[in-house]
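Hi there,

I'm passing a structure over to you, as promised.

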Amino acid sequence: MKFYKEKLAKLMLAVTLIFSFSLTASNGYAEEQELVVNNLNQVLRDDIGTTAYLNYQTEAVKSSSVPQPKTVIYYYQDGESFDKGHNGKTAAATTANSRVGYHKAVVEGLKPQTLYHYRVVDENTGAVSKEYSFETKGAVTNFSFVAAADGNYRSTSSYQNYFGVTLSTAVNKFPESAFIMHTGKANSTLTDEKHWNGYFGLAQNTFDQYPLVPNTISKGSANKLFQLNYNLTGVSNDTSNYSFVYGDALFLNVNSQLTGTKDIENHISWLKKEVATKGQSKWIIVSVGNSIYGSSSTVSSANKKLAAAFDEAGVNLVIQGNDDAYIRSYPISKSVVLSDYPGSTEIAHKDGVIYLSPGASGAEQKNGATGREWIKTASNYSSSTVKKAADYKMYSNIQVTAEKIEVTAYTVNGQVVDQFEINRKDTPERESRQLIPLGVNNGFGSDSKTTRSITWQSDATLNSAAIEVVEAGQEFTAENTMEFTGTSTKNKSILTKYNVNKVQLIGLTPGTKYEYRLRNYYTNPKTGSVTTYYSDVFSFKTESQKAEPFTFIHLADSQSSLDGYAPYFGNTLNKALGMYPEAPFIIHTGDMVETPNEANFTSFFNAAGNTFASTAFLPVLGNHEGSSSSNEVFYQNTFSVDNVNGFPLNYSYVYGNALFFNLNSNHDSDKELDKQIEWMKKEVAEKGQDKFIVVAFHKSPYGGKWTSSSSGSLSSKNIKKKLVPVMEDLGVNLVLSGHDHNYIRSYPIKNSVPNKTISDHGNISTSEDGTIYMVSRNSGKKTYKMESRKDWTDVLWGPNVKDITGKENYPENTVFSAVEVTDSALKVTVRTAGYEVIDEYTITK
């Protein structure tokens, strides 16, 4: 029986050959018998100009004992015809798996930049495939390719396989694409031949027309079918890394599934060698099958080593798969995620590696917005219907030129999910952010003509205090701008969540209006990047070189309940400067806050807004500010005036035709006052000749009931005893105070007693009549009942002289004074915030 079967087989073969020869045309092939090839694809390897790497599958033979087709590639240039006698010829290497034959053909010696056609011929039967084509590459300049991931064919009947739709959409939109790169899952069962056939079947003839750059996500025996389906080299089924240069880019395809210690060492060694020999002046693009910086919550130690090698080698873009979602990372440099990178759509090539997952091209789209610190942009499809829809499958078009890599991520329905470029430009300029300072304070430095002392509170995360200054009306250009730097230190008391910033402006021109903006930096502790913060623009005017008449504002006791600062103190300030907008400074004679804590000072500064940024604010300390050493440091830093004799906010200055002393009356012991007196005498001798002298401090020796209080912190008895005679000797014209929350003007004090003999209470001569002591009513919400008149009281005012309860405390009843300084007089006008004039008088020397 065996004999007859063999004979019959030989006879049938002979008949078949005779029949095929009888039908052979003049060009030498059997037209009626077509060789069916499946899973046809061309991969790109290093020599894209002269070699084509083809891979295909022939149909299964009837049994494993039947030999596989012996196939040969016949190729010819465009314009020529298929002719086995004259065409180029390359035999394919065949590997059988079960009953299926896998064939690999390497077509060499081709002409660059040439279109070739080819047919596959079974040398055993003479069967001929239909005609296919490939094109060799020449001197490529600009080009584009399609990047897709996770085609993920499944055989489940309920599963929608949309990979083919995505591919055809991509190449129809971008028909000039040089190749298709696929990363991630080709199908759901990589060890099953039918799943691979399904994957290639979805692609239909797209892979016939476009070269393919695949990457694996398996290894060992599980990777066998990947190796059989592509013309790539490998060892024991493990796909080897491969590379090719295309235009201005070096492509490196790394088998990231091989993660053993030796594997990683081999990857890195190979990577360095490829970049050194082929990557000079090229873009470097890596593809990996599994994502490194993707949706997973962690980065494995092996991937961290790979990422470090990519960074060191100057890799620009890593295209990764197996995320089923679109993900674009921030630039990653030296294992640091540059999450505050200044460019959203433009990345400088030297600033780090971008990791890109193109999104699911066939599988159900997942949510890529997983909150990982490295994710810059991600697809975010929450609806299950949308996730499964063909319209929302994704691919990326990647354009490569000498100047940039431009990536645009699309859905099948044409939506642009993301667009960015990696270019050879400098790092994008980091966009500055808005600085919102608290308590900007503009004081005088060593003199009011050429210096300013600016302080402000900023968030404690900011640092590096600086101020940029231009003359009013000029732009903040490099040519116009003067830059001054200072200090930024964390407050140790009161506003402990803030840094206090201090900058001295020097070398200013007298009589000039300047504009300035504050500047701080934020240094990201993770990335080391620096972001600039700029405030709004403020202004001030330096004092003229020659003394000119001016008007300053005096007020006191802004202390309030937390909700009272703005409607009372803030309103008083606005009313005062609304009437005297050119006032160069404000003297505040203490008790700025009810309690020296964060809540009160925050409310105080918020009520003032940016008033003190333009109008100099020159305060003294009251008893409510206290004299604790830690708080005094805060006051000294915050208002950045002098601390003569070691007493915070204890200083003098000359403005126009007046010498001013702002004294800290919390330091009023005999020893402390002796220091003050010695200093005041020296200042008057050096700077006070022919000038008016104005002294400001909190506790008046000629005020209300507190003057004679038994409490040392509230009383001014020692000031009255020690300082009053000296001030008279020095020729002090006006003493400004607060503390009593009543408006009180004394008779002129001469020889330490009230001079009640004056005939004109509105015109006072210091030399003839004595020194005037004026206590301002509160500028804030807190008030006291009407004082009874004292022996020294000349003018006493409350909102209603019949009401001594202090309850008529409305915002319009707070008080401020305007003091005009000329060569010959001090003209004082006292108003309520409702603009009622409650006192007017003139002081001459």
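Helices (H or I, at least four residues) and strands (E, at least two) are DSSP runs, numbered from the N terminus. This is a predicted model, in which local features need pLDDT of at least 70, side-chain atom pairs count only at pLDDT 80 or more, and totals for chains, interfaces and linings use all residues. Residues are numbered from 1 along each chain as its sequence is written, and side-chain values use heavy atoms, with hydrogens and water left out.

Let me start with the seven-stranded sheet. It is open, with mixed pairing and the order β14-β15-β16-β17-β22-β18-β23. β14 (242–246) and β23 (375–378) are its edge strands, each pairing on one side only; two strands pair if DSSP finds at least two bridges between them. β18 (326–329) joins β23 through three bridges in the antiparallel sense, and S329 has I375 as its bridge partner in β23.

α6 lies across β14, β15 (249–254) and β16 (283–288), at about 165° to β15. Axes here are lines fitted to C-alpha atoms, for helices over the stretch in contact, and angles run from 0 to 180 degrees between N-to-C directions.

How do α6 and α7 sit to each other, roughly parallel or roughly antiparallel? The axes of α6 (261–278) and α7 (301–313) come within 10 Å and cross at roughly 10°, so the two helices are roughly parallel (angles under 35 degrees). In their contact, I264, H267, I268, L271, K272 and V275 of α6 meet A302, K305, L306, A309, F310, E312 and A313 of α7.

Elsewhere, α2 (163–173) has F163, G164, T166, L167, A170 and V171 as its buried residues, where buried means under 20% relative accessible area with a 1.4 Å probe, protein chains only. Seen down the axis of α2, these fall within an arc of 160° (taken from the directions from the helix axis to the C-beta atoms), so they line one face of the helix. They pack against β9 (143–149), β10 (180–183), α3 (193–203), α4 (206–209) and β24 (394–400).

Finally, an open four-stranded sheet runs β4-β3-β7-β8 with antiparallel pairing. β3 (71–77) and β4 share four bridges, with Y75 opposite G88.

Best wishes

Key. Parallel < 35°, antiparallel > 145°, perpendicular 65-115°, else oblique. Contact = heavy atoms within 4.5 Å. Buried < 20%, exposed > 50% of the residue type's maximum accessible area, 1.4 Å probe, protein only.
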